[in-house]
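Visitor: Could you walk me through this one? I'd like to learn how to read a few of its features.

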2 protein chains.
Amino acid sequence: MRIALAQVDPTVGDLSGNAALTAAWVEKAVVAGADMVVFPELVICGYPPEDLVLRDYFLADCRQALLEVAESCQNLVAVVGTPLREDGMIYNAAAIIWNRQVVGWYRKIILPDYAGFDEKRYFTPGENAVVVEIGGTRVGLTIAEDLEGSGAAAVGGLSERAEVIVNLAMSPYYRGRGRVREEKLAERARSLGTWVCWVNGVGGQDDLVFDGHSLVFDPQGGLRARAPQFEEALLLVDVHPQAGSRLHRGLPVTESRTVNVIAVHPDGSNDAGSLPAKPAVPPPSLSPDLAQPLSPEAEVYSALCLGVRDYIRKNRFEQVVLGISGGLDSALTACIAVDALGADEVHMVSMPSRYSSKGTKNDARETAKRLGAKYYEIPIEPIYTSYLDCLAPFLDSDTSGVTEQNIQARIRGNLLMALSNQFGWLVLTTGNKSETAVGYTTLYGDMAGGFAVLKDVPKTLVYRLADYRNALGPGGGPIPESTIRRPPSAELAPDQTDQDTLPPYELLDEIVEAYVVRDESPDELAVLGSDRALVRRVVGMIDGSEHKRRQGPPGVRISPKGFGKDRQLPITNRYRK
Amino acid sequence: MRIALAQVDPTVGDLSGNAALTAAWVEKAVVAGADMVVFPELVICGYPPEDLVLRDYFLADCRQALLEVAESCQNLVAVVGTPLREDGMIYNAAAIIWNRQVVGWYRKIILPDYAGFDEKRYFTPGENAVVVEIGGTRVGLTIAEDLEGSGAAAVGGLSERAEVIVNLAMSPYYRGRGRVREEKLAERARSLGTWVCWVNGVGGQDDLVFDGHSLVFDPQGGLRARAPQFEEALLLVDVHPQAGSRLHRGLPVTESRTVNVIAVHPDGSNDAGSLPAKPAVPPPSLSPDLAQPLSPEAEVYSALCLGVRDYIRKNRFEQVVLGISGGLDSALTACIAVDALGADEVHMVSMPSRYSSKGTKNDARETAKRLGAKYYEIPIEPIYTSYLDCLAPFLDSDTSGVTEQNIQARIRGNLLMALSNQFGWLVLTTGNKSETAVGYTTLYGDMAGGFAVLKDVPKTLVYRLADYRNALGPGGGPIPESTIRRPPSAELAPDQTDQDTLPPYELLDEIVEAYVVRDESPDELAVLGSDRALVRRVVGMIDGSEHKRRQGPPGVRISPKGFGKDRQLPITNRYRK
């Protein structure tokens, strides 16, 4: 009994593309000799489809795409995630396909409704567990929270009867989530005494990156297989190898094999009359097939590259443009863009002002050169002067204030958008999470663009990622040492540095992590010792810049709680702790 | 038995302010001789509080604010909406206060999870109905969907036992919703055979406007009282007037009055042992107290004014600035701003370019003059020329393209934002729903600002509102006739009109209404006759500008489905019908 887990990258709404993708991986599974192939949650429509699934005609088109997939499913059982409309209800479902026919359905039971999830808005929960019996081996189906969630109701009815539980997931990435998953799923396999085959999708979708990392555990909780992160993969697992039922690679199963789909009801009864208890399943003697985990920095860097690549590709852009200042954030963004898309697709524009130092101007040019990207210089002084002239009746004689600083940032945003309009390049913004959190950004200025690469990357991690990327070379790497060592500055006023306005980034990032990601009370940010006034000031800045973040572009989430759907706060909000 | 419905305007997160507001209206109810005063849903924290209610410390502060309110509740029963944390669960609850004590709780049973609502993300549903017995009269409590929703489970347990059902609501406005509510609630009162007292909040909160319009129906479904829309009000109703138990205004009830809170369980049993069936209640012979409904245009105009006023006030701004072009959208926005805030608080800036006609420049000045608002002119030609010079290597020789058009719009956005930064004025944007829908707007240009007044107002309605406002005067009204009659144009290129790019607005608005608001399939837009190619083009423009709308500011929703939380679609979305 060989099960193939197809860790694929669907595109939201691209129903015919997703059907073709699914059919292609069915074929790979057939070639690999699989008896069963399992796809991620909602692979037919992509995840999350949001309000698209409230449209009847969209659901009808999903059904059509599923039937196209079924046509390709000869000689094996395919389990394919898709929305299902039935009797006026909508389910997050898995179609069971055998001999080109949909022979049964599983409907997700536990619907998540927290952080960025809102499945209760869309779906009716299923009621029955489902066992698929393939040539005598019984496989129980679950979708995402049905196995992973704290309720895990579906699993109750399966563990007595199924030797294998497969789980169709679309589980978004955050830093270190791999270890969390492995511990939880190992515990599930052990406590249920079943094989657990967890197949996750991969790819970027707006703020989310799905990292793959599909996993297989034996009934003792032993990790038997792990797919790589951030790329498509087919993970194979042979259950019962000692019992001699293992198929050899390339040998197809035949249509005469018996496949039964059996519903198990909440009261424990089942449609097969009396399904006998499952036999004890020993672990196989084969050695595990484990992709090596990535280092913490490599993992984040890969997530950012995949997020950028998929946003560009899935939105049918080809090239990007970004402003390169000679500072670290734009240098790292440039590296990610080039690594994600190739140097030929990346345009970098230096837009120096009267406040730009020689050092940053040189570093901007040098970074572009080392990366081999296209590079342009557009000094903003003439435009800036014309703004100051036109606004002279309204401005102070001292032109170093916030108004004038923002004018410079907005000129740069306009220039990049002009190039975007002229050539169809998508603008990447370069702001990091630390400054996004406290609003140390200019709306319509440095925030102007289609995708915010470092939106969820705190400044202290920007430094670590820069070192990581430089270590990959060639030579000392693309980011000049002087860019890394120079004190951060927006260079919008004379002799300005970030630390004129913000606390040291080590401290700022601790506060952001505690208040935003872990949702701790400002009164309880114990890590921060005695400086309660500072905590209050930073929390006030975070609360007071919600209106800015709402007008910012999407960007790759790498924490358990990013700005966006994970954290839904009113703009009009007078609450201050 | 006199019940007061307190139709008040709380502010999200302003717990001490809301407690003071609630206490002040308790006092008004006491002066009016009420036995019971009922406040809207979640009045203590404002609605919707979104993820604030996931914070333990916020819930603790809500509890504290409620106790402050309780201190003020002498001599009557107060029913106050507030979030309640209890045994690790969070409820959307109503506190029952008597003699300065919280003597009981009702927990909302039916939690909405559609359109802009996501209460299942936050709250656990309650289980028991609650009857409050006040001096022999039994009042059943419900919150919003408990009475209004299609399930309406809570009402089942109450209708046999309570003579009056009160409902705490925060029901957002849309055009014509008043009639829908009146029909539904009349039917509820009639079928239940009880009084129905529906109290709604009022005020603006980001995209939403709550319109008040609190209602009272007698047990025969007769409308006995209607509060005005868009303003705070205390609505009084005397039940049992014929039975002689009516209290006179100003006469306080005493502490010795008996108040019992009785839980009614799902199985029909109740904590009072055997609660007798309610007596038949005839309607009173008094004449009804009905605020006159507004005309369709007056209703929308009032909603827009309240939305602007509350967004400005609750976010602690005082003054606004807007670009006035001589076109109709900005003229109407200017009227709304002045009517909402007063002419002294509104700054209007004309920013003509080489493409601005003499007619529009004159009309801009004239509109500001008629409204008595502050008016400035900043010609953008010098700045525009400096952009063209700096970008010359990248631009075509023909400078009438989209790139150059957007540069002009963005210069104007920058100038308004510079004034905003310099003087603390909030920027109002002036784009209407028709152009927002199809993306006939410039990101960071005319979309730049804090609040989008006409975001949900289609162009055909803009015309009707302009006529409505002009009819109010003085004289022929603030909007010049030439502004209304001139063909709409963005004036960003020579001899440009909107209809070069867009279909006639009558047709465009029908498509937007059908596709966006009513969610009809593009294949089924029957109203549009045979021009399927046009429908496809418009729907494609709507689908293709999701990324723009996501970076736009909030604005007043006046339809059942606005752009925003009501309509959650992915940006990365290849689905096209």
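Guide: We'll take a helix, then the cores, then the chain interface. Keep in mind that this is a predicted model.

Visitor: What span should helix α5 of chain A have?

Guide: Count 1.5 Å a residue: the 16 residues of α5(A), 177-192, should span 22 Å, and the end C-alpha atoms are 22 Å apart, which agrees.

Visitor: Which residues of α5(A) are buried?

Guide: Those are R177(A), G178(A), R181(A), E182(A), L185(A), A186(A), R188(A), A189(A) and L192(A). They cover an arc of only 160 degrees around the axis, so they sit on the same side of α5(A). R179(A) and S191(A), on the other side, are exposed. After the helix comes G193(A), with a positive phi near 65 degrees.

Visitor: Which residues have the most contacts inside the largest nonpolar core?

Guide: V37(B), F39(B) and V80(B), in a core of 70 residues. Helix α2 of chain B (residues 56-71) gives the most to this core, eight residues. Take V80(B): leaving aside neighbours within four places in sequence, its contacts include F39(B), L66(B), V69(B), I97(B) and L168(B). Another core, of 68 residues, lies apart from that one, and A6(A), V516(B), V538(B) and I542(B) are among its members.

Visitor: And how many residues are in contact between chain B and chain A?

Guide: 81 residues of chain B touch 80 of chain A. The two chains bury about 7,100 Å² between them, with 52% of it on carbon and sulfur atoms.

Visitor: How many salt bridges does the rule find across that interface?

Guide: Six. Look also at D61(B) and K577(A), whose side chains meet in a salt bridge at 3.0 Å, N to O.

How values were computed
Residues are numbered from 1 along each chain as its sequence is written. Chains are lettered from A and ligands numbered from 1 in the order in which they are written. Side-chain values use heavy atoms; hydrogens and water are left out. Helices (H or I, at least four residues) and strands (E, at least two) are DSSP runs, numbered from the N terminus. The expected span of a helix is 1.5 Å times one less than its number of residues. Buried means under 20% relative accessible area, exposed over 50%, partly exposed in between (1.4 Å probe, protein chains only). The arc is that of the directions from the helix axis to the C-beta atoms. A nonpolar core is a set of buried Ala, Val, Leu, Ile, Met, Phe, Trp, Tyr and Cys residues joined through side-chain atoms within 4.5 Å. Contact means heavy atoms within 4.5 Å. Buried area is the accessible area (1.4 Å probe) that two parts lose on being put together, summed over both. A salt bridge is a side-chain nitrogen of Lys or Arg within 4 Å of a carboxyl oxygen of Asp or Glu.
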